[in-house]
Amino acid sequence: MKLSLAEDIISVSDFRKKTSAFLERIRTGRRGVVLTQNGRSAAVVLSPEAFEQIQYERDLFAAIAQGEREIEQGKSTPHEKVFQDLFRRLKSS
């Protein structure tokens with residue numbers, strides 16, 4: 001979902017005039033638009049799917065960063081021990 005500077009930056013007044021057309025383009029093109037007001041960026045409009053993807057990626061990166069911090073703090077368990085414990089539990093059940 002990479003924005004195109006030539007196509008995806010529009011003024012609020014243009015968006016207001018052609019809202020339905022821009023919303024259809026956002027839905028089908030899976031790209032958002034940057035709305036400008038008085039020549040400055042004011043908002044980004046995304047499809048729900050694009051917004052959900054951004055949230056998913058943000059949460060994934062946050063979880064990875066948390067895991068890296070825990071490893072640095074010595075709060076991790078070596079994968080060998082995890083597998084040993086898992087196999088032990090599977091054999092006893």
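Okay, let's start with charges: this structure has a count of seven salt bridges. Keep in mind that we're looking at a predicted model.

What I like here is where the two come from. R25 belongs to helix α2, residues 19-29, while D8 is in the segment before β1, so this pair links distant parts of the chain, 17 residues apart. Is D8 buried or exposed? It's buried, because its relative accessibility is 2% and the cut-off for buried is under 20%. R25, at 32%, counts as partly exposed.

Let's stay in helix α2 for a moment. R27 and E24 also make a salt bridge, again 3.1 Å from N to O. These two are three residues apart in the helix, which means about one helical turn separates them. R27 is partly exposed at 45% relative accessible area, and E24 is partly exposed too, at 38%. Salt bridges with shared partners also tie E7, D8, R25 and R31 into one network.

One more pair: R58 and D59, with their closest N and O atoms 2.9 Å apart. D59 is partly exposed, with a relative accessible area of 45%.

Which residues form a nonpolar patch on the surface? They're Y56, L60, F61 and I64, and together they have about 430 Å² of accessible area. Take F61: you'll find it in helix α3, residues 48-72. F61 counts as exposed because its relative accessible area is 55%, and exposed means over 50%.

Note on methods: Residues numbered from 1 in each chain as written. Predicted model: local features only at pLDDT ≥ 70, side-chain atom pairs only at ≥ 80, totals over all residues. Heavy atoms only, no water. Patch = residues over 30% accessible without salt bridge, like charges linked within 9 Å, V, L, I, M, F, W, Y side chains within 5 Å. Areas by Shrake-Rupley, 256 points an atom, 1.4 Å probe, with all protein chains shown as cover. Salt bridge = Lys/Arg side-chain N within 4 Å of Asp/Glu carboxyl O. Helix = DSSP H or I, 4+ residues; strand = E, 2+ residues; numbered from the N terminus. Buried < 20%, exposed > 50% of the residue type's maximum accessible area, 1.4 Å probe, protein only.
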